[in-house]
Amino acid sequence: MDVMPRWADVVLIPLISLALAAILSALVIVGIGEDPVAAVSLMVKGALGSTYGWGYTLYYATNFMFTGLAVSVAFHAKLFNIGGEGQAMLGGLGVAIACLYVPWPHWTLALIFASLAAALFGAAWAAIPAYLQARRGSHIVITTIMFNFIAAAVLNYMLVVVLRPKGAMDPASARFPEAVHLPSFQEMFSTADTALFRGAPANITFFVALAACVVVWLLIWRTRLGYEIRAYGHSETGARYAGISPFRITMIAMLISGALAGLMAINNVMGEAERLVLNATEGAGFIGIAVALMGRSHPFGVFLAAILFGFLYQGGAELALWTDIPRELIVVIQALVILFTGALDNMVRMPLERLFLRLRGGNG
Amino acid sequence: MDFLTIIQILDSTVRLGTPLLLACLAGLFSERAGIFDIGLEGKMLAAAFFSAAVAAVSGSVWLGLAAGIAASLALAALHGLASITFRGNQLISGVAINFLAAGLTVLIAQDWFGQGGRTPSLVGGARFEPITLPFADHVAAVPILGPIYSELLSGHSILVYLAFLAVPATWWMLYRTRFGLRLRAVGENPAAVDTAGVSVVGLRYAAVAICGVLCGIAGAYLATGLQAGFVKDMTAGRGFIALAALIFAKWRPWHAMWACLLFGFLQAIALRYQNIDLGGLVIPVQVMDALPYILTVVILAGFVGKAIPPRAGGEPYVKER
Amino acid sequence: MAAHREPGRQDTAAPAPAIELRGISKAFGPVQANKDISIRVMPGTIHGIIGENGAGKSTLMSILYGFYKADKGEIFISGKQTQIPDSQAAIAAGIGMVFQHFKLVQNFTVLENIVLGAEDGVMLTPSLAKARKVLVELEQEYGLNVDPDARIEDIGVGKQQRVEILKALYRQAEILILDEPTGVLTPAEADQLFRILHRLRDEGKTIILITHKLREIMNATDTVSVMRRGEMTATVSTSETSPEQLAELMVGRKVLLRVDKAPAEPGAPILEIEKLGVVDEKGVERLKGIDLTVRAGEILGIAGVAGNGQSELLEVLGGMREARGNIRLNGAPLSLSGRGCDGQARRQRHIAHVPEDRQREGLIMDFHAWENVAFGYHRDDIYCNGVFTDNATLRRDTEAKMKRFDVRPPDPWLAAKNFSGGNQQKIVVAREIERNPDLLLVGQPTRGVDIGAIEFIHKQIVALRDQGKAILLVSVELEEICALSDRIAVMFDGQIMGERLPGETDEKELGLLMAGVSGEAA
């Protein structure tokens with residue numbers, strides 16, 4: 001039998017890890033001379049206390065769902081895709097090209113094709129590391145890191161040299177035409193008397209992200225391809241025995257992963273900025289790692305973890321606005337979550353396993 | 001391009017190559033012992049901040065250096081705890097350490113100095129001053145060799161000379177001492193080391209600690225030698241370029257030096273020129289920025305001689321019969 | 001192989017045992033690997049420890065070498081009670097160990113491997129110089145010649161094993177433990193090894209030989225201890241026992257080495273192999289032009305020492321490895337490279353495969369039993385609705401299979417890793433046999449499987465044969481080959497040394513063939 005019941009593995013361990021991260025974060029806040037209780041209440045109020053706050057929280061969560069799913073799909077094939085950031089940058093480029101150079105008659109069409117472009121660009125950016133891993137054994141972690149930097153250079157070049165409108169100073173593309181404007185939550189949910197989500201960037205992409213969660217769940221747990229991805233992730237020799245091609249699975253898993261990371265761009269580039277700027281991704285690609293680890297690579301877990309990080313992001317911004325606590329606090333929290341749910345997993349797990357072993361011994 | 005320009009570019013190559021070299025050798029020790037380290041960046045960043053902060057407060061750059069090394073060592077210990085003691089994923093641990101450093105440095109900088117995540121500018125004894133080598137002024141007038149000696153070789157801070165001395169020292173340690181033999185063995189096959197009666201955990205912690213010290217020096221050089229103070233994210237990917245150089249050098253000390261000088265040279269060129277005009281073909285500065293990474297991918301792909309990492313790299317050691 | 005047995009040695013003035021263990025117990029979680037084990041090994045003898053896989057032999061030796069800490073019990077070395085908390089202590093106590101899987105650094109030289117951990121000082125050069133001198137002496141004393149400057153990755157396994165022995169001797173080991181040393185050796189290399197061991201014994205070293213092969217025990221040891229399910233069941237003088245008695249002690253009851261089966265009625269050829277050649281990733285030729293035929297309704301057994309190409313043969317047939325030559329199944333050719341050469345294509349041609357290593361190949365250990373029942377057949381129409389998997393059907397199918405094959409516990413939701421070895425193998429066998437294949441490939445069907453499950457699995461294989469299917473059986477257990485096969489082919493060094501009928505041969509002749517002595521000479 002397994003040492004621990006399933007619920008302990010799926011729920012208890014992430015919760016303990018999260019608690020450890022929270023305690024340490026509180027200590028950090030105390031360490032810089034601030035009051036953690038006040039900070040948390042400010043974060044809750046700022047991120048969840050109004051539809052405006054929710055509008056930001058869900059906007060960030062949308063980004064993190066995409067990048068979290070991207071990391072998760074690769075994880076299932078035992079591939080560590082650190083390249084979500086670069087893939088999301090390239091996704092943004094795809095969205096910008098689709099929105100700027102095609103006169104879309106309506107946002108729905110634009111959304112569909114911009115999504116395709118984002119996914120295509122993201123997948124293409126993941127394709128080279130995937131191919132090098134599958135065919136030449138180049139470590140995908142290193143190549144995807146390198147591709148993040150290369151992506152930054154590509155984006156920089158495109159914005160400075162190609163996409164920047166004549167006479168503009170900013171390294172940014174022109175503003176997208178009005179026709180491709182995506183409905184924001186404000187436009188979707190406000191009634192004539194009450195304005196909801198006013199000024200918040202959450203938009204229809206949130207529902208695309210929810211759909212992506214469902215699709216990824218179906219893919220991983222309900223399809224033959226998902227079965228093969230998981231089988232390959234658990235045992236490469238087993239996959240060879242069963243006639244599952246390692247090359248094919250590595251390529252497909254990474255292409256899906258890259259496409260999901262790229263899809264993030266319809267939220268931040270098309271939905272929010274409505275033009276392509278240099279630092280559009282704001283590190284969301286990396287937060288995907290924390291989200292996937294915390295969500296145990298399961299789409300529902302990713303959904304919850306993305307909301308949590310959305311809350312942290314928005315709450316952190318509020319903190320930076322009203323107190324002396326810089327926004328980097330959330331980077332620390334993010335680091336601690338990755339540390340405890342990822343690298344120090346055994347530190348939480350081993351004592352817990354001993355505890356369960358003792359409990360079972362006591363019963364038996 | 002005249003001779004003096006070349007000397008100046010090479011001079012900044014040495015300056016920019018120094019932090020890369022220190023970090024690269026740091027990674028070499030760690031990875032040769034079988035511990036992958038993508039947290040070089042974070043360790044350097046933490047060291048950069050604490051060295052600058054302590055130097056600013058105390059006025060002593062040496063105290064700053066010590067603080068930088070201590071900060072880097074603390075993060076190295078965390079990496080060791082995660083990847084050696086708790087047998088966690090070394091890559092994930094490295095990612096966490098990078099973010100931890102990125103966040104904490106700004107947080108603490110803001111708390112201590114309130115200047116938006118930077119330290120005050122360092123002056124006087126709070127910085128590593130250039131050292132003028134003997135007779136540098138006298139021979140400056142000698143054609144060719146004079147400027148090479150007085151401009152290129154002389155006039156760097158002590159950490160630069162330390163970094164380049166670390167190359168033969170590393171080579172010697174790796175290939176001529178008992179420690180080096182064991183270190184290389186533990187990165188290739190920890191079981192062989194274990195059954196030979198040598199502690200795998202001890203060796204790996206030692207390697208990670210050396211890595212911490214070297215990253216600490218690299219960070220301190222950035223903030224107190226190359227520049228005069230800490231600014232947010234000042235490592236700017238140097239930890240990853242060092243990692244790239246390490247792969248480029250196939251985990252060998254002398255090759256690491258050449259790789260770091262090459263990447264330092266690329267940075268020096270990119271700093272000096274926006275776009276390079278090669279007889280009609282204009283190379284945009286972004287290509288120079290991306291070149292170290294592109295070269296690394298090419299090397300990793302095995303098109304120019306395959307880079308094979310230490311065999312036990314990345315795998316936690318579990319005793320097996 | 002000469003048998004130097006000198007039982008008289010042990011009687012002289014009763015010296016203190018080189019090793020004495022008293023009441024050693026060790027548990028891994030709920031599994032009791034060693035139960036109250038006591039043993040005395042006299043100096044200057046070769047002491048065999050025999051037992052089935054999983055009997056606890058290796059655990060016991062790992063305790064002696066400081067790899068594991070015993071829960072209970074005492075260790076005495078040459079009469080002195082000794083604590084062995086780690087390998088360092090074991091080495092200091094004069095114990096050297098040659099593991100089943102060698103512990104060598106592949107890209108180091110022989111000399112560097114020998115010196116590692118036993119250096120004389122901080123500097124390497126003098127250590128290496130001294131080791132070079134000692135090595136020459138050791139070579140002359142025991143006939144253990146290897147090139148000190150050769151890299152490990154460039155020398156064969158036989159030589160690598162010598163390096164392991166030299167490592168122990170360099171550390172002045174008086175007691176040498178060898179764990180299943182012949183598993184990867186050719187018979188000739190094994191003979192050489194035993195000659196070396198005898199010489200070491202004659203020079204006064206004490207040797208513990210762990211094996212599950214009766215022949216080695218009978219030929220090489222002075223004394224033998226038998227282990228069964230974590231317990232030491234007997235220690236006897238080798239000259240006063242017989243293979244039959246040892247076998248009985250090993251398994252706890254009279255072994256049924258015969259399988260009840262009717263004579264085979266071979267039909268048309270199902271599998272025809274011509275000039276099959278395989279070169280592995282390192283450029284080593286693993287199969288050197290194999291010709292074989294398996295007919296409907298017969299079991300062809302492939303005998304041989306592990307590592308003589310049997311695994312590669314199975315992998316080629318199972319679509320896991322590319323090869324040259326010709327293979328026809330039911331008269332139509334099989335692809336041996338590129339597209340059409342993978343496990344999926346083979347299954348479509350009705351080839352089923354019970355792989356040699358069920359934990360690394362045949363099962364995904366973290367998958368539920370019901371997911372494993374589709375493994376390899378997961379693209380089959382019966383398990384799918386379009387691109388989706390039909391999990392409900394799969395679970396029903398799993399329950400039925402578990403019932404028919406008596407898998408315990410019959411819980412489709414249990415992960416494969418939580419079944420015992422025998423029940424894991426039953427899941428694999430059920431999956432493969434119930435596909436009603438034309439050809440069944442079976443590799444080491446009963447490795448790490450308890451006796452009850454062995455009989456059941458053997459019966460299933462015979463039943464499939466009786467339905468007129470072709471079966472290719474690979475096993476390193478000669479007894480299993482003899483009991484199951486209708487025809488036996490012996491492999492050595494990537495070649496078929498000869499074919500025999502079980503009724504017309506004996507273990508001696510087969511053993512010679514396995515040792516590479518060709519059919520005509522035998």
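Reader: Which residue is the bridge partner of C:Ile49 in S9(C)?
Author: In S9(C), C:Ile49 has C:Ser225 as its bridge partner. This is a predicted model, where local features need pLDDT of at least 70, side-chain atom pairs count only at pLDDT 80 or more, and totals for chains, interfaces and linings use all residues. Residues are numbered from 1 along each chain as its sequence is written, while chains are lettered from A and ligands numbered from 1 in the order in which they are written.

Reader: In which sense do strand S3 and strand S9 of chain C pair?
Author: Strand S3 (residues 46–51) and strand S9 (residues 223–228) of chain C pair in the parallel sense, over five bridges. Two strands pair if DSSP finds at least two bridges between them. Strands (E, at least two residues) and helices (H or I, at least four) are DSSP runs, numbered from the N terminus.

Reader: Nice. What order do the six strands of the open sheet in chain C have?
Author: The order is S6-S7-S8-S3-S9-S10 in chain C, with mixed pairing. Strand S6 (95–98) and strand S10 (231–237) of chain C are the edge strands, as each pairs on one side only.

Reader: And which strands does helix H1 of chain C touch?
Author: Helix H1 (residues 57–64) of chain C packs on the sheet and touches S3, S6, strand S7 (175–179), strand S8 (206–211) and S9 of chain C. Being in contact means that the C-beta atoms of two residues, placed from the backbone, lie within 7 Å.

Reader: Switching topic: how many residues does the contact take from chain C and from chain B?
Author: That contact takes 24 residues from chain C and 19 residues from chain B. On the side of chain C that touches chain B, H1, helix H2 (87–92) and helix H4 (124–142) of chain C each supply at least two residues.

Reader: What about the contact between chain B and chain A?
Author: There, 37 residues come from chain B and 38 residues from chain A. H4(B) gives the most to the side of chain B that touches chain A, with 15 residues.

Reader: Last one: is H13(A) mostly covered or exposed?
Author: H13(A) is mostly covered, with 17 of its 24 residues buried. A residue is buried if 20 or more other C-beta atoms lie within 10 Å of its own, exposed if 12 or fewer, and partly exposed in between; C-beta atoms are placed from the backbone. Helix H13 (residues 299–322) of chain A reaches 34 Å from its first C-alpha to its last.

Definitions and conventions. Axes fitted to C-alpha atoms, helices over the stretch in contact; angles between N-to-C directions. Expected span 1.5 Å × (residues − 1).
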